[in-house]
Every structure is written in C-alpha cells, then in structure tokens.
Amino acid sequence: MLRACARRARNVTSSAANARAIARARHGGLGAEEEELAYAPKTHTRFEPTEPTFMTVFTLARNEAATKMESAEAQERHIARLIGMLGGSLKSFYVTQTGDHDGVVIYAFPKNHDSRTFTCLLRQSLGTEPRRAALERLMDDLPHRPYGVVDDTAFALEGMWMPNPGEYPPTKHPFDDVNTRTRALPGRAGAKTRSLAFCPNGAWLAAACGDGEVTIYDVEAATRASALAGHASSAEQVAYDPASANGDRALTVSTDKTAKFWDVKSGKCASTIELKEAGYACAWSPSGRHCSVGTAEAVKIIDATTMNVVWEQKFEYEVNAMTWDVSGKKFMLATGQGKMEKFSFDDSTGALTHASSHFAHNGGCYCIEMDPTGKYFAMGAADAIVSLWATEELMCYDTVVRLDWPIRALAYSHDSAYIASASEDMFIDIADVKTGSCMAQIKTEVATNAVAFHPKELVLAYGGDDPKGTVRLWSVTKGFTMGSK
C-alpha cells in the first residue's frame, strides 16, 4: 500500500559522509536510533526556487517487502527510470527499515506534475510481478537515456537526469527551414478549423469548421474541391470511413446535437443521428463496421451499415476523445478526470464493457491518438503535457513537455516515427515517438486546434483560429512527391 505526501522541498540532502553508516544499518550494524541518525542529512543541497521538487514516502505491503527491498540499488534504479519516463529527475532516494514507511523519494518535474503522478505509476508498476516484468520489457525496447552525475553514496546510484526541453531547446532540429516547406490551402473568412482528417489513400483532406461546414481539399492540387454543408452550428470533428480508401464516406459531429453520415462524392448527407446533446468527438472502428460518437458525458456506438445506434451509455465523467486500437477489440476514452478508460468491444453486438481505468494526467485529458502500428498511443491534457504510452503494457514510457498551453490535438506519422502536438502555443511540436526528442517546431501565427499526418508521406496538415480559415501543409521535402510540395 502506497501513501504519499508532496510539498515544495527547498532544502534536501544527499551526503556521501553517511553512506558507510547507512550501509552498516542495512546489515544490522546499528540500532533503531542510530539507524535514523544515519539517514539524517549531514549536508544540504539547495534546489532552484523555480524547480517543482517533491518528497514522496512509500510503504510496501509486508509480504512484498522482503523481495522488493532485497536490493536498494535495484529499487532506486527502477524508481529513477519511472521518474525519467515522465520527464523528471531523481534527486535523492533513501531506504528505511524503521518507522511508518519503507522509503523516501525526492524528485523534481519540469512543470505541472505532483506526487500523485509518480505515486500512481509506482503503484501500477510495483503492484504485481507481471506488471514489473512488463515494465522491464518495455524499458529494454526503448532507447536508454543518459544517467546523470553518480553520487558517492550507496543509495544514490545512477539517478536519472533529464533536462527540461522547454528551458534547454536544441540548437538545431533535424527538420528545419532548410529541408521543410509549408503551403497554405485557401479557407473561408470566419471559418476556424476544428478538426482535420485525411482519407485513407491521402487524396483528400477534410476540414471541419466552426461555421458548420466541412471543406474537402484536393491534396495533390492543393485546392478546395467541395464542401459538406448541413450542420446548423460548429462541426467539431470529422472522420473518414477507414474501409473506404477513396474517401467516399465520412462522419461528422456538431454542437447542433447531431451526427451525420456523408456521401462525400455527392456532398449529400446520407443519414442524421440525433444526439440530444452537443457532439464533440467521433471515431471509426478499424473495420468500418461501427463508429462512435461522444457528447459531453455520453458515448453512442452506431452500426455503420444500418446507421442505427446499437449501444449507448452516459458516464459520470467528461468524455473528450475516443479511439479504437488497431485490432478493433479495445476501445479507449480520454476523460476530464485525467484518466484513460479502457473498454473491450464486441464487434457482433457493438457493446462496450469496461475493463480498466488508468491515471494519466493532473488535468483533463483532451485528446487521445493511436499510432498506425497499434504499439503506442498518446494522450494530451490540460496540464500541457503529452504522455506517450505502450499499448500492450498500458504504461507511460515518456512525456513531451515543450508546450505551455493545454494540448488540443495529436497526430502520429504514417510510419509511427513521429508525433505532432498542438496547443495555443505559437508552434507545433514534432517529437520522436520512442525518445520524445524534438525533431521540429513548426511556427504558427494563431492557436492550433487540429493536426493530421498524411497516411503515406511525411506531410502534416494543421489549422486553427486563423480568421481566414486557412489550412496549411507542412512537409519534409526530401523524397516528397505530392502537389503540396
């Protein structure tokens, strides 16, 4: 059972002078009072006043204590890597054998974290042996980050060091103005972009707009081809049927309390689903047989063949975004509680069954995105952090912390190598999926509401609060062949 407390620690210690005394305590060389004194700090290290530093005390279940505390060095290394996954750094680690707790961890995060983040991950990773084994497998698959300065003490070995990218930006990104280009697609005055989606073969780009209309762009010609008009108010999201390679069918949701199926070629609405509340999110199952629509607190599953609602449920939390995994058997929600809710999906009936709940952020989660391989997914939240997760292990393996405003949109590249993150910041962050390292920062003039990668090439579409409704295509020119070059 873990118990945690957090505070802004200003004076904490790590001393080589007491290392030998602590080592003797581990081997039974000291009594209880001397042992406590051995752990007491002898020198002080003052952290920067702006650095959010926390102390968490943890207690392990008695039947687990013997095995888990067998190696203090291994325990510390494990905890350091957990903190490093979240973009933080381990400051000090102490093992105790008397008192109410089994250990003390002092650590720092660059921003917007508290001890609850670390505690929840620690609980998940140390809860059972299978989860610990899964975490170790995940760590082995991902690139190793450099450790920081190794302290002399026996209990500060290999502390994780990870600088805040927001404070120490790289001097040069792999993709910059030399090898990238941006092209504008014409919009309509006042039609701010709410959502973007490429059709499966990448020939068409759909832009859902605040005026209720959905613009269809010819990507090769970089021109406006047609429009889907029918919503009475803002079209919040658009999604193409994955089973229709040419983009002949699409789904939209709107604040006018409807969801609409569209015959994109004719521009006509094929069916309208009444939602009773404003619609904000939608998604297709990988097979294209079902789709989901979300309102503020409810989810409806629709049979895409009959275009009838086959399952629906209202929740006690805010529903912000949703996605299926690549198998179509799992369904995930990003909620206003900062959690990811996982469901199993029955393709024969369209029913969802709740499977598990996973704490992810200290603010509401606004977006969730599955990578094309299904191996990873990402979540963006009000805490301005993007968390990167391993799908099978259901563990957060890294975070992107370069943005300062709530994350509004995410997108994976077609090869699952990069992830784009957008917010009200005047740039879009392109990160390496496995390491979280910054690959590019696309400068913008307005807040960005939507991003979408081309399904076949390294081309990113983005749009937002541009008063002219302009959508832009950013591309890496090397090996790039499409008309948006």
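**Reading the model**

Analyst: The UniProt annotation "repeat: WD", from an unreviewed entry, covers residues 228-272 and 358-389; UniProt positions are given in the numbering used here, feature names are shortened, and annotations may be inferred rather than shown by experiment. This is a predicted model, in which local features need pLDDT of at least 70, side-chain atom pairs count only at pLDDT 80 or more, and totals for chains, interfaces and linings use all residues. Residues are numbered from 1 along each chain as its sequence is written, and side-chain values use heavy atoms, with hydrogens and water left out.

User: How many helices and strands does the protein have?

Analyst: Helices (H or I, at least four residues) and strands (E, at least two) are DSSP runs, numbered from the N terminus. The protein has six helices and 33 strands. Over residues 358-389 the chain is 0% helix and 56% strand, with the end C-alpha atoms 11 Å apart.

User: How is a sheet read, and what is the order of the open sheet of four strands?

Analyst: Two strands pair if DSSP finds at least two bridges between them. The order here is β11-β12-β13-β14, with antiparallel pairing. β11 (235-240) and β14 are at the edges with a single partner strand each, so one side of each has no neighbour in the sheet. From one strand to the next the twist averages 20 degrees; axes are lines fitted to C-alpha atoms, and angles run from 0 to 180 degrees between N-to-C directions.

User: Which residues stand opposite one another in this sheet?

Analyst: β11 and β12 are joined by five bridges, and Tyr-240 stands opposite Ala-250 in β12. Five bridges also join β12 (residues 249-254) to β13, where Trp-262 is the bridge partner of Ala-250. β13 pairs with β14 (residues 268-274) over six bridges, and Trp-262 stands opposite Cys-269 in β14.

User: Is strand β13 largely enclosed or open?

Analyst: Buried means under 20% relative accessible area, exposed over 50%, and partly exposed in between (1.4 Å probe, protein chains only). Five of the six residues of β13 (residues 258-263) are buried, so this strand is largely enclosed by the rest of the structure. Of the 485 residues of the protein, 57% count as buried.

User: Which residues have the most contacts inside the largest nonpolar core?

Analyst: A nonpolar core is a set of buried Ala, Val, Leu, Ile, Met, Phe, Trp, Tyr and Cys residues joined through side-chain atoms within 4.5 Å. The largest has 18 residues, and those with the most contacts inside it are Phe-175, Ile-428, Ile-430, Val-451, Leu-460 and Trp-474. Strands that each supply at least two residues of this core include β29 (427-432) and β33 (471-476). A second, separate core of 16 residues includes Val-386, Leu-388, Tyr-397 and Ile-407.
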